[in-house]
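Okay, thanks for coming, everyone.

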Amino acid sequence: MTAIGGYVAPTASSDEFGIHSLDQFVLAVPDVNAADEFYTNFGLNMVRKGNTLQLKTFGHDHAWGSVVEGKTKALHHLSFGCYAEDIDRLKKRIEGQGIKLIDPPPGFESNGFWFRNHEGILMEVKVAPKVSPDQKAVSEWVTVGHGQAAATTRAAAPLVRPRRLSHVLIFTSDVLKSIEFYERTLGLRLSDRASDLVAFMHGIHGSDHHLLALVKSSAPGFHHCSWDMASINDIGLGAARMHDKGYQKGWGLGRHVLGSNYFHYIMDPWGSFAEYSCDIDYISKEDRWPSADHKPEDSFYLWGPEVPREFTINREAGEA
């Protein structure tokens, strides 16, 4: 394991600023009704707003994601939230990088600004409440005493509900260039990477080990959205329900190395994935995570089944 060059010790410098949250991701898909069915079965609260399908968690009014209709499945845009006092500084910094600001797409009102990243992906930065966590999520490890049964029957198993969006992972044609782009524009910090194959970035105001992850491909695209669950048992219950509903391709149960979270991925109708995740590492705003470059063969997952081929395919790039 090799330390990343340019490490800077923790500082309270007022010159540091950046986004605080991944506010939402937006996907375009050819069949919004299929998305409604998939994410409803996954455990999300699906709300239709005009021609948009919003992905919410039960008991939380925030739209963590949205689905709009498109000719093919594609990452429509990513929206990042910032504090009101940072919006002008972020705008000035991004324009100072020679990046042209553009109008919002039809149907998306905004109190922020829009631009395209170095690979043409549409991005929004707006003033919004901080929805990334301010502390490590509490995970439940429930057991019972002697003389009691800990598991229910399958028929009595409760429906599981994701608690919030944890992160998204997107494809990029150049992981190292993408790291540098998000550092100098959005103020994200590198948590860890594995060579030039995959990287994980967190927010400077406190977030999970990663709110944005990057994986190498021939072109940009959307790989998966990850949802925080209360327990490993909830991951298993969710995976079993999705299997029973016909969504039988995926990967898990396992545990990652970088981020440490337990996982199970479910393939959606368009070849990307939704992840049930539990107990991911947390980086507070006071910390500087000791980011490192890890050996790929030693850092993808700690245990779990072998990775299926379909997990690595970027269908937005025409791969098959």
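Let me start with a question: by class, how many nonpolar, polar and charged residues does the lining of the largest cavity have? Keep that in mind for a minute while I say what we're looking at.

This is a predicted model, so local features need pLDDT of at least 70 and side-chain atom pairs count only at pLDDT 80 or more, while totals for chains, interfaces and linings use all residues. Residues are numbered from 1 along each chain as its sequence is written, and side-chain values use heavy atoms, with hydrogens and water left out.

How confident is the predictor? The pLDDT, which is the predictor's confidence in each residue from 0 to 100, averages 93 for the protein, and 96% of the residues score at least 70. Watch out for residues 1-13, though: pLDDT stays under 50 there, and the model has 18 contacts for them beyond four places in sequence. Contact here means heavy atoms within 4.5 Å.

Now, the empty space. Rolling a probe the size of a water molecule over the atoms shows where empty space is left. On a 1 Å grid over the protein atoms alone, a cavity is a set of points where a 1.4 Å probe fits but cannot get out; a pocket is an open set with protein on both sides within 12 Å along at least five of seven lines; and lining residues have an atom within 4 Å of a point. Points are joined across faces, edges and corners, and a volume is the space filled by probe spheres set on them.

By that rule we get 2 cavities of 30 Å³ or more. The largest cavity holds about 100 Å³, and of its 13 lining residues, Leu22, Ser132, Leu165, Ser166 and Leu211 are the closest to its centre. β2 (21-29), β9 (164-172) and β12 (207-208) each give two or more residues to that lining, with the largest share, 4 residues, coming from β9. Strands, by the way, are DSSP runs of E with at least two residues, helices are runs of H or I with at least four, and both are numbered from the N terminus.

Back to my question: that lining has 6 nonpolar, 5 polar and 2 charged residues. Ala, Val, Leu, Ile, Met, Phe, Trp, Tyr, Cys and Pro count as nonpolar, Asp, Glu, Lys and Arg as charged, and the others, Gly among them, as polar.

The second largest cavity has about 40 Å³. Its lining includes Lys73, Phe171, His223 and Glu316, and splits into 3 nonpolar, 4 polar and 3 charged residues.

On to the largest pocket, at about 600 Å³. It's lined by 25 residues, and Gln24, Lys49, Gln54, Phe108 and Glu109 are the closest to its centre. β5 gives the most, with 4 residues, and the lining divides into 8 nonpolar, 11 polar and 6 charged.

How do α2 and α3 pack? Helix α2 (residues 87-96) and helix α3 (residues 175-186) sit at an angle of about 135°, with axes 8 Å apart. Axes are lines fitted to C-alpha atoms, for helices over the stretch in contact, and angles run from 0 to 180 degrees between N-to-C directions. Under 35 degrees is roughly parallel, over 145 roughly antiparallel, 65 to 115 roughly perpendicular and the rest oblique, so α2 and α3 are oblique to each other.

Last stop, the backbone: the peptide bond from Gly252 to Leu253 is cis, with omega near -5°.
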